Amino acid sequence: MKEFTEIVGVTINPLYRAMVTDTISTTHLTVVDARFKYDKIWALGFISSMDILLKNYPEKPDAVKVVYGLAKSMGLDDASMRVDADSLSSWAQGKTAEDISSALRGEGDSELAAISKEVKDEEFWLYSRFFGIGLMSLMDLTGVVPDAPTMNKWLKEDLGVQTNKGETDYNLWMGVRNKLSMMETLMKEVEIREKKKMAARLEDKAAAAIRRADAAAKDAEAFGETPP
């Protein structure tokens, strides 16, 4: 956390501090594990989750610094990860659920199939949260309704990774997204209320100004003067 703070150089918004701390701690434990292998699915998971989590960050320039700092503190480069994430996203556009399943089985010569082959060839390959979020991002990109059965199929049956962490991360991530959606709705409602209050105050000021002008005109008429 100290290294991240020094890299970012700004104070993290209190509403996001817990999220940033959790991301740093869990991801650090992943990347220092000798079994960890970086790939484009992991990159897609990292980038898409940061985009979603920091979408409404109040200080936009600071949000960019947060992503940079998170990546840098883990020995990674956020710009390179975004390039990798965009590459996999572009490939996934227009694909079906079966296309993804086929590639995850290692069939074909796509970049996703290449990742699958590397995973299958690595006896001690390490699954991690951002890899799971990367798979969920592929669901979003291909129009597949995200659910636990699809997560388990892609991870266990197609990719051959026998772990229950995928379903756990699915439940966790969908819970986070639901909370963010509710928070976003609440923020919009507050913004609308504030705009209505401001409009009402402006109307009151305008009405008061009109009343003062009318009063001044009546006073002028009372003294036989021409109103200004």
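User: Is tryptophan 42 buried or exposed, and what is its relative accessible area?

Analyst: This is a predicted model, where local features need pLDDT of at least 70, side-chain atom pairs count only at pLDDT 80 or more, and totals for chains, interfaces and linings use all residues. Residues are numbered from 1 along each chain as its sequence is written, and side-chain values use heavy atoms, with hydrogens and water left out. Buried means under 20% relative accessible area, exposed over 50%, and partly exposed in between (1.4 Å probe, protein chains only). Tryptophan 42 is buried, at 2%.

User: Which residue forms an edge-to-face aromatic pair with tryptophan 42?

Analyst: Rings of Phe, Tyr and Trp (its six-membered ring) pair if their centres lie within 6.5 Å; planes under 30 degrees apart count as stacked, over 60 as edge-to-face and the rest as tilted. Here the centres are 5.3 Å apart, with 85° between the planes. The partner of tryptophan 42 is phenylalanine 130.

User: How many residues apart are tryptophan 42 and phenylalanine 130?

Analyst: Helices (H or I, at least four residues) and strands (E, at least two) are DSSP runs, numbered from the N terminus. Tryptophan 42 is in helix α3, and phenylalanine 130 is in helix α8 (residues 129-141). Phenylalanine 130 is buried too, with a relative accessible area of 8%. The pair links distant parts of the chain, 88 residues apart.

User: Which residues do ring pairs link into a cluster?

Analyst: The structure holds 8 aromatic pairs. One is stacked, between tryptophan 42 and phenylalanine 46, at 6.0 Å centre to centre and 5° between the planes. Those two residues are 4 apart in helix α3 (residues 40-53), so about one helical turn separates them. The cluster is Phe36, Tyr38, Trp42, Phe46 and Phe130.

User: Which residues have the most contacts inside the largest nonpolar core?

Analyst: A nonpolar core is a set of buried Ala, Val, Leu, Ile, Met, Phe, Trp, Tyr and Cys residues joined through side-chain atoms within 4.5 Å. The largest has 56 residues, and α3 gives the most to this core, with 8 residues. Phenylalanine 46 is buried, at 0% relative accessible area. The residues with the most contacts inside the core are Phe46, Leu54, Leu112, Phe131 and Leu135.

User: Which residues does aspartate 62 touch, not counting residues up to four places away in sequence?

Analyst: Aspartate 62 lies in helix α4 (residues 60-73). At 16% relative accessibility, aspartate 62 counts as buried. Contact means heavy atoms within 4.5 Å. Beyond four places in sequence, aspartate 62 touches Val10 and Tyr57.

User: Which helices do the buried residues of α6 pack against?

Analyst: In helix α6 (residues 97-104), Ile100, Ser101, Ser102, Ala103 and Leu104 are buried. Just after α6, glycine 106 takes a positive phi of about 90°. The buried residues of α6 pack against α5 (78-92), α7 (111-121), α8 and α9 (148-158).

User: Over which ring does the charged end of lysine 95 sit?

Analyst: A charge sits over a ring if NZ of Lys or CZ of Arg is within 6 Å of the ring centre and within 35 degrees of the ring normal. The charged end of lysine 95 is 4.7 Å from the centre of its ring. That ring belongs to tryptophan 91.
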